[in-house]
Amino acid sequence: MDIKRFQELSQRTMPTIGSQVNVEGDEVTMTKHLITANYAMGLAGEAGEVTDLIKKSVFHGHSLDKEEAEKEIGDVMHYVAGLATLLDLDMETILDKNIKKLQKRFPNGFNSADSVKRADISN
C-alpha cells in the first residue's frame with residue numbers, strides 16, 4: 001500500500017476534536033493535544049508489544065510468531081501515521097528525509113566507525 005494512502009485511511013479511526021470520551025467516569029472533550037498524547041502513548045504501547053515478542057523469542061525460547069509481529073508492527077505504523085497527521089506532517093516526506101539522513105550517516109552502509117562519528121550531526 002502507498003504510504004500516503006495508508007496515512008489517509010488510518011485517520012478513519014482517529015478520535016475527532018470535540019468528541020466526548022469517558023475517562024475514569026468523567027466525560028472529557030478531546031482536544032488536539034489529548035488526541036496527540038493518546039497517539040504517542042499508543043505508539044509506545046504497540047512498540048512495547050513488538051519488543052515483547054522479540055524478547056520472548058530471544059530470551060525465553062518462544063518461537064517468533066511472524067503473523068503476530070506483522071499485526072503489531074501494523075499497529076505501530078497506524079500510530080506513527082496518526083501522529084504525523086496530528087502534527088501536519090506528511091509520511092512520504094518523513095520517510096524521504098529519514099533515508100537521506102541515514103545515507104549521510106552511513107554512506108557505505110552500516111559500520112561502527114560511522115555510527116560513532118555521526119556525520120549527520122554538527123559538532
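**Reading helices, burial and phi**

Modeller: Gladly, and let us begin with a helix pair: helix H2 (residues 32–59) packs on helix H3 (residues 66–86) at an angle of about 155°, and their axes lie 9 Å apart. This is a predicted model, in which local features need pLDDT of at least 70 and side-chain atom pairs count only at pLDDT 80 or more, while totals for chains, interfaces and linings use all residues. Residues are numbered from 1 along each chain as its sequence is written, and side-chain values use heavy atoms, with hydrogens and water left out.

Biologist: How is H2 oriented relative to H3, parallel or antiparallel?

Modeller: Axes are lines fitted to C-alpha atoms, for helices over the stretch in contact, and angles run from 0 to 180 degrees between N-to-C directions. Angles under 35 degrees count as roughly parallel, over 145 as roughly antiparallel, 65 to 115 as roughly perpendicular and the rest as oblique. Here the angle of about 155° makes H2 roughly antiparallel to H3. Helices (H or I, at least four residues) and strands (E, at least two) are DSSP runs, numbered from the N terminus.

Biologist: Which residue classes make up the contact of H2 with H3?

Modeller: Ala, Val, Leu, Ile, Met, Phe, Trp, Tyr, Cys and Pro count as nonpolar, Asp, Glu, Lys and Arg as charged, and the others, Gly among them, as polar. In the contact of H2 with H3 there are 14 nonpolar, five polar and six charged residues.

Biologist: At what angle do H1 and H4 cross?

Modeller: Their axes cross at roughly 135° and come within 8 Å, which means that H1 is oblique to H4. Contact means heavy atoms within 4.5 Å. On the H1 side Ile 3, Lys 4 and Gln 7 take part, meeting Met 91, Glu 92 and Leu 95 of H4. By class, that contact has three nonpolar, one polar and two charged residues.

Biologist: Which residues of H1 are buried?

Modeller: Buried means under 20% relative accessible area, exposed over 50%, and partly exposed in between (1.4 Å probe, protein chains only). In helix H1 (residues 3–10), the residues Ile 3, Gln 7 and Ser 10 are buried. Viewed down the axis of H1, its buried residues fall within an arc of 75°, so they line one face of the helix; the arc is that of the directions from the helix axis to the C-beta atoms. Their cover includes H3 and H4.

Biologist: What does Thr 85 touch?

Modeller: Thr 85 is in helix H3, and its 17% relative accessibility makes it count as buried. Leaving aside neighbours within four places in sequence, Thr 85 is in contact with Gln 7, Gln 11 and Met 14. For contrast, take Thr 93 in helix H4 (residues 91–105): at 38% relative accessibility, Thr 93 counts as partly exposed.

Biologist: And the backbone angles: where does Glu 24 lie?

Modeller: Most residues other than glycine have a negative phi. Glu 24, though not a glycine, has a positive phi of about 50°. Glu 24 lies in the loop between strand E1 (20–23) and strand E2 (26–29) and is exposed, with a relative accessible area of 81%.

Biologist: What is phi for Asp 88?

Modeller: Phi of Asp 88 is near 55°, a positive value in a residue other than glycine. Asp 88 lies in the loop between H3 and H4 and is exposed, at 65% relative accessible area.
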